[in-house]
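Please view the sequence and the structure before reading on.

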Amino acid sequence: MNKQELPVITTPETVLEWLSPSEICHELQIPLQTFYQWRSRGVGPHAYRIGKHLRVSRADFESWLELRSDP
């Protein structure tokens, strides 16, 4: 079976885009608690603490999704 390749959109806007945990959960259609459980276990996308806010770059999020795609 061929592995389905998902297109990764890397425009200047998406490279510099930052996502909040709630935006990620909205995209993945998962509860916010799941994101924080993944983070505590070290299996979620790499997040950055910017001030008092937690953010994930769009590029890191797309890479993380790519690694977890089901063949």
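Does Tyr36 count as buried, partly exposed or exposed? At 37% relative accessibility, Tyr36 counts as partly exposed, since that class lies between the limits of 20% and 50%. The model is a predicted one.

**Aromatic pairs**

There are 4 aromatic pairs in the structure. In one of them, Phe35 and Tyr36 have ring centres 5.4 Å apart and ring planes at 85 degrees, so this pair is edge-to-face. Phe35 has 2% relative accessibility and therefore counts as buried, whereas Tyr36 is partly exposed. The rings of Phe61 and Trp64 are stacked, because their planes are at 20 degrees, with the centres 6.3 Å apart. Phe61 and Trp64 lie 3 residues apart in helix α4, so about one helical turn separates them. In general, residues three or four places apart in an α-helix point the same way, because a turn takes 3.6 residues. Phe61 is buried, with a relative accessible area of 0%, and Trp64 is buried as well, at 9%. Ring pairs also bring in Trp38, which forms a cluster with Phe61 and Trp64.

| Residue | Relative accessibility | Class |
|---|---|---|
| Phe35 | 2% | buried |
| Tyr36 | 37% | partly exposed |
| Phe61 | 0% | buried |
| Trp64 | 9% | buried |

**Helix α3**

Which residues of helix α3 are buried? In this helix, which spans residues 32-41, they are Thr34, Phe35 and Trp38. These residues cover an arc of only 100 degrees around the axis, so they sit on the same side of α3. The elements that cover the buried residues of α3 include α2, β3 (53-57) and α4. After α3 comes Gly42, which has a positive phi near 80 degrees.

**Helices α2 and α4**

Two packed helices are described by the angle and the distance between their axes. Helix α2 covers residues 21-28 and helix α4 covers residues 58-67; their axes come within 12 Å and cross at roughly 35 degrees. This crossing of α2 and α4 is right-handed. On the α2 side the contact is made by Ile24, Glu27 and Leu28, which meet Arg58, Phe61, Trp64 and Leu65 of α4. By class, the contact of α2 with α4 has 5 nonpolar and 2 charged residues, with no polar ones.

Terms used: Residues numbered from 1 in each chain as written. Predicted model: local features only at pLDDT ≥ 70, side-chain atom pairs only at ≥ 80, totals over all residues. Heavy atoms only, no water. Axes fitted to C-alpha atoms, helices over the stretch in contact; angles between N-to-C directions. Helix = DSSP H or I, 4+ residues; strand = E, 2+ residues; numbered from the N terminus. Left-handed = near helix turned anticlockwise from the far one by under 90°. Contact = heavy atoms within 4.5 Å. Nonpolar A, V, L, I, M, F, W, Y, C, P; charged D, E, K, R; others polar. Phe/Tyr/Trp six-rings, centres within 6.5 Å; stacked < 30°, edge-to-face > 60°. Buried < 20%, exposed > 50% of the residue type's maximum accessible area, 1.4 Å probe, protein only. Arc of directions from axis to C-beta.
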